[in-house]
Amino acid sequence: MRLNLKAVKGLILFILALPSYLAYAADEYQIPKFNMHYGVTPLSKDIYFIHMTIFWICVGIGIVVFGAMLIALMYHRKSRGVKAAQFHENKTLEIFWAIVPFIILIAMAVPATIVLVRMNDYADSSLTIKITGYQWKWKYDYLDEGIGYYSNLSTSLEQINNKAPKNKWYLLEVDKPLVVPVNEKIRFVVTSNDVIHSWWVPALGIKRDAIPGFIHEAWAKIQKPGIYRGQCAELCGVNHGYMPIVVHAVTRPEFNKWVASQRQEKQQTQAAYKDKMDVAELMKIGKSSYNKYCAACHQENGMGIAPIYPALRADSVAVGKPISRHIRIVLNGVPGSAMQGFADQLTDVELAAIITYERNAWGNHTGDVVQPIDIKKEKAALTKKGDTTVNP
């Protein structure tokens, strides 16, 4: 079999040109990208540079190695009458193939080490945000601003259950994004409240594991306003795919205005608090809040997901007495189970509405009504006793 030299050269040129073509096609025709994100932070760009540098080093090594093999196959094969050379213990060759790989490794290690050192330099940050992973949501606390909130998946159950068309950002949209200023160094401290999660935003060049009892740090200086999306990158349970991340980068004046609006919203929520509410209003808020916070585990129809998430329909907790048992489980969760506490996640109104809804939906019809004042009293009683556990 005779090798066609032109065909071989054409194949080599095609292979070398393929990465550039795919990068162009990804932007031009919106096909999936196969390369890393270039990103919008200095670190993400450094990481991209290191990735591409090592990629081209590997391409160069491949060209040399496979080029030598192709030359040997084409010009030094037995069919051309070439006899194999016999040589052993060639000191020059041995020194060469010891020194060259060492130089290549140094060329890889030096820039990578510089970037790693920069990645762990958290000094001189203008803003510190604590990120806490929950099953299955994120909590953001602005430690310098005194504000905090939970960020939940906002994709509707209708879309998830294929009852409505899926939009562009299906499972990548939240009710409250993380808002940060551009062109400022932001320090993130990442932890978890239950199991291991991972806060990952490719455009920022950040991926930090959130581990209970540990604090991991990261930082970013976003250079371009915009919306950047990510996801939990650690398998954390049945709804792992339902805890997206959305970062909204804005200018400093816009950020200051947003912080002021958050503080005002908190004051308005406190001012609008009611001890007692109409049953119809409680049921309406309860259904909406249940579908948002509880339905992912216990299902929209209250049937649960056996054996991990029990059904609430005709359940001894949801229809049994005393009601305080039901309230305490919702407030504190159940130790040793996937049921987390919602005392610090939801308002007294939302908690009262959810419990009222659970006791009167899906045919439970207990007629029981839990008011916000009942939640407040139960919280006060638990705080006085120092009781943070529940006997289910």
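This is a working chat about a predicted model of one protein chain.

Trainee: What does the secondary structure of the chain come to?
Mentor: The predicted chain holds 11 helices and 10 strands. Buried residues account for 37% of its 392 residues.

Trainee: What share of the contacts with a separation of 6 or more comes from residues 24 or more positions apart?
Mentor: Those residues account for 64% of such contacts.

Trainee: What pLDDT does the chain average?
Mentor: The average is 84, and 89% of the residues score at least 70.

Trainee: Where does pLDDT stay under 50?
Mentor: One stretch is residues 24–32, for which the model has seven contacts beyond four places in sequence. Another is residues 388–392, with 12 contacts of that kind. Where pLDDT is low, the predicted coordinates should not be read in detail.

Trainee: Changing topic. Which residues touch the most other members in the largest nonpolar core?
Mentor: Ile 129, Tyr 140, Tyr 142, Leu 178, Phe 188 and Trp 199 do, in a core of 39 residues. Strand S10, residues 244–250, gives the most to this core, with four residues.

Trainee: What is Phe 188 in contact with, leaving aside neighbours within four places in sequence?
Mentor: Its contacts include Ile 129, Leu 178 and Trp 199. His 216, Glu 217, Ala 218, Trp 219 and Ala 220 are also among them. Apart from this core lies another, of 28 residues, including Leu 171, Trp 362, Ile 375 and Leu 382.

Trainee: How many aromatic pairs does the structure hold?
Mentor: There are 14. One of interest is Tyr 38 with Tyr 48: the ring centres are 5.3 Å apart and the planes stand at 90 degrees, so the pair is edge-to-face.

Trainee: Where do Tyr 38 and Tyr 48 lie?
Mentor: Tyr 38 is in the loop between helix H1 (5–29) and helix H2 (42–75), and Tyr 48 is in helix H2, so the pair ties together parts 10 residues apart in sequence. Tyr 38 is partly exposed at 47% relative accessibility, and Tyr 48 is partly exposed at 22%.

Trainee: What about Tyr 149 and Trp 258, how far apart are the ring centres?
Mentor: The centres are 6.0 Å apart and the planes are at 75 degrees, so that pair is edge-to-face. Tyr 149 lies in strand S3 (residues 147–151) and Trp 258 in helix H5 (residues 252–271), so the pair ties together parts that are 109 residues apart in sequence.

Trainee: Are Tyr 149 and Trp 258 buried or exposed?
Mentor: Both Tyr 149 and Trp 258 are buried. Ring pairs also link them with Tyr 140, Tyr 142 and Phe 255 into a cluster.

Trainee: Which ring does the charged end of Lys 185 sit over?
Mentor: The ring of Trp 219, at 4.5 Å from its centre.

Trainee: Why does Asn 152 count as buried?
Mentor: Because its relative accessible area is 5%, and buried means under 20%. Leaving aside neighbours within four places in sequence, Asn 152 is in contact with Lys 137, Glu 173, Val 174, Asp 175, Lys 292 and Tyr 293.

Trainee: On to the backbone. Which residue does a cis peptide bond join to Gln 135?
Mentor: Trp 136, with omega about 0 degrees. Trp 136 is in the loop between strand S1 (127–134) and strand S2 (137–142). A cis peptide bond also joins Lys 321 and Pro 322, and Pro 322 is in the loop between H8 and helix H9 (323–332).

Trainee: What phi does Ala 314 have?
Mentor: Ala 314 has a positive phi of about 60 degrees, although it is not a glycine. Ala 314 sits in the loop between H7 and H8 and is exposed, at 61% relative accessible area.

Trainee: And His 365, what is its phi?
Mentor: Positive, about 45 degrees, and His 365 is not a glycine. His 365 is in the loop between helix H10 (348–358) and helix H11 (372–385), and is exposed at 60%.

Methods:
Residues are numbered from 1 along each chain as its sequence is written. This is a predicted model: local features need pLDDT of at least 70, side-chain atom pairs count only at pLDDT 80 or more; totals for chains, interfaces and linings use all residues. Side-chain values use heavy atoms; hydrogens and water are left out. pLDDT is the predictor's confidence in each residue, from 0 to 100. Contact means heavy atoms within 4.5 Å. A nonpolar core is a set of buried Ala, Val, Leu, Ile, Met, Phe, Trp, Tyr and Cys residues joined through side-chain atoms within 4.5 Å. Buried means under 20% relative accessible area, exposed over 50%, partly exposed in between (1.4 Å probe, protein chains only). Helices (H or I, at least four residues) and strands (E, at least two) are DSSP runs, numbered from the N terminus. Rings of Phe, Tyr and Trp (its six-membered ring) pair if their centres lie within 6.5 Å; planes under 30 degrees apart count as stacked, over 60 as edge-to-face and the rest as tilted. A charge sits over a ring if NZ of Lys or CZ of Arg is within 6 Å of the ring centre and within 35 degrees of the ring normal.
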